[in-house]
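Here is a predicted model, taken up through a few questions about how its parts are described. Each answer sets a computed value beside the cut-off that decides the wording.

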Amino acid sequence: MILQKIKDFFSHPSKVQAYSLDQLEEVLLESDVGIQTTQALITSLRGKTNLAFEDVKNAFIQLWLPKLSSLERVIEPKTYPFVIMFIGINGSGKTTTLAKLAYQFKNHGKTVLAIAADTFRSAAREQLSSWAQKIGIEVFQGQKGADPSSVIYDGLKWARHQKSEVILIDTAGRLHTKVPLLEEMKKMKRVIQKVSLEASHEIWMVLDAHTGHNALNQCRQFHEALGVTGLIVTKMDGLAKTGMVLTLAEALALPIIYLGMGEKKEDLTPFKAQAFLERLFVF
Ligand SMILES: Nc1nc2c(ncn2[C@@H]2O[C@H](COP(=O)(O)OP(=O)(O)OP(=O)(O)O)[C@@H](O)[C@H]2O)c(=O)[nH]1
Ligand SMILES: [Mg+2]
């Protein structure tokens, strides 16, 4: 996808014959792969004769594989309860991802409780309830307009009472630039830490793959405020600018846990570096 320009470059016979590394360098820069990647690729390709598209593809994958592989993370909790709070900007796919994950844990025989801490958007609680019904999990609902931290507090107490193994917390979408909303989330995190002392806590940021360049800013600010423990990139089934995953990997090196591949409950796949990189070259 982001590498369409490289493919085009090699699909013009005249260009291939007359190709030069300088021209390829120009194309790489236009393809949005970044200066560092471009320079590393050009260095690794120097001296090769009859350069073809496959050579660039293989060099690109070799270059990125070690870094991206180090960001894979398998979710097999060793201790329960396992608490995950989902955060991100509006419409990134938090609620849908929560539902998909609930479905996976449920299929592994775990008891799952979803806490509806998005008390802001009017249809949010109904959306989560409708998913929960489909999947067959319980939802802890707060009052509409309630303080999300207090909903989390009550929800976690309820989870303890119910002996829930996996607790998934849905939160309202918010911009990374809105300081009061970031402060609100910090408070939510403090509540989780306080109430579930013995549990493992995760904060997963859900990002839409179409976000483009702004993704880095978003991630950085959420991470600074909260200490994000993992990323989920959604809407990978569309024609996404997946290049932003590379930018994030380079700049922040946060684990990438799952990729969202559609709107159905089954459409969540663990992030695998090799498959991800191969996919960048499918047009
Ligand atoms: N194609 C596709 N659509 C997705 C994916 N994940 C979520 N969506 C869609 O994106 C839209 C927004 O998803 P939500 O889960 O409501 O997003 P959210 O982050 O909870 O939104 P807010 O609560 O309003 O901030 C919905 O129409 C989802 O069906 C995905 O992986 N692929
Ligand atoms: Mg939502």
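Q: Which residues of helix 6 and helix 7 meet?
A: On the side of helix 6, T95, T96, L98, A99, A102, Y103 and K106 take part, and they meet Q127, L128, W131 and I135 in helix 7. Sorted by class, this contact of helix 6 with helix 7 has 7 nonpolar, 3 polar and 1 charged residues.

Q: Why is helix 6 called roughly parallel to helix 7?
A: The axes of helix 6 (residues 94–107) and helix 7 (residues 124–135) come within 10 Å and cross at roughly 20 degrees. Angles under 35 degrees count as roughly parallel, and helix 6 is therefore roughly parallel to helix 7. The crossing in which helix 6 passes helix 7 is right-handed.

Q: What makes N58 partly exposed?
A: N58, which lies in helix 5 (residues 53–69), has a relative accessible area of 39%. Buried means under 20% and exposed means over 50%, with partly exposed in between, so N58 is called partly exposed. In sequence N58 and E278 are 220 residues apart, while in space their C-alpha atoms are 9.2 Å apart.

Q: How does the reach of helix 10 (residues 214–226) stand against the expected one?
A: Helix 10 has 13 residues and reaches 18 Å from its first C-alpha to its last, which is close to the 18 Å expected at 1.5 Å a residue.

Q: Which residues of helix 10 are buried, and what do they pack against?
A: The buried residues are A215, L216, Q218, C219, F222, A225 and L226, and the elements they pack against include strand 1 (82–87), helix 9 (179–195) and helix 11 (243–251).

Key. Residues numbered from 1 in each chain as written. Chains lettered and ligands numbered in written order. Predicted model: local features only at pLDDT ≥ 70, side-chain atom pairs only at ≥ 80, totals over all residues. Heavy atoms only, no water. Axes fitted to C-alpha atoms, helices over the stretch in contact; angles between N-to-C directions. Helix = DSSP H or I, 4+ residues; strand = E, 2+ residues; numbered from the N terminus. Parallel < 35°, antiparallel > 145°, perpendicular 65-115°, else oblique. Left-handed = near helix turned anticlockwise from the far one by under 90°. Contact = heavy atoms within 4.5 Å. Nonpolar A, V, L, I, M, F, W, Y, C, P; charged D, E, K, R; others polar. Expected span 1.5 Å × (residues − 1). Buried < 20%, exposed > 50% of the residue type's maximum accessible area, 1.4 Å probe, protein only.
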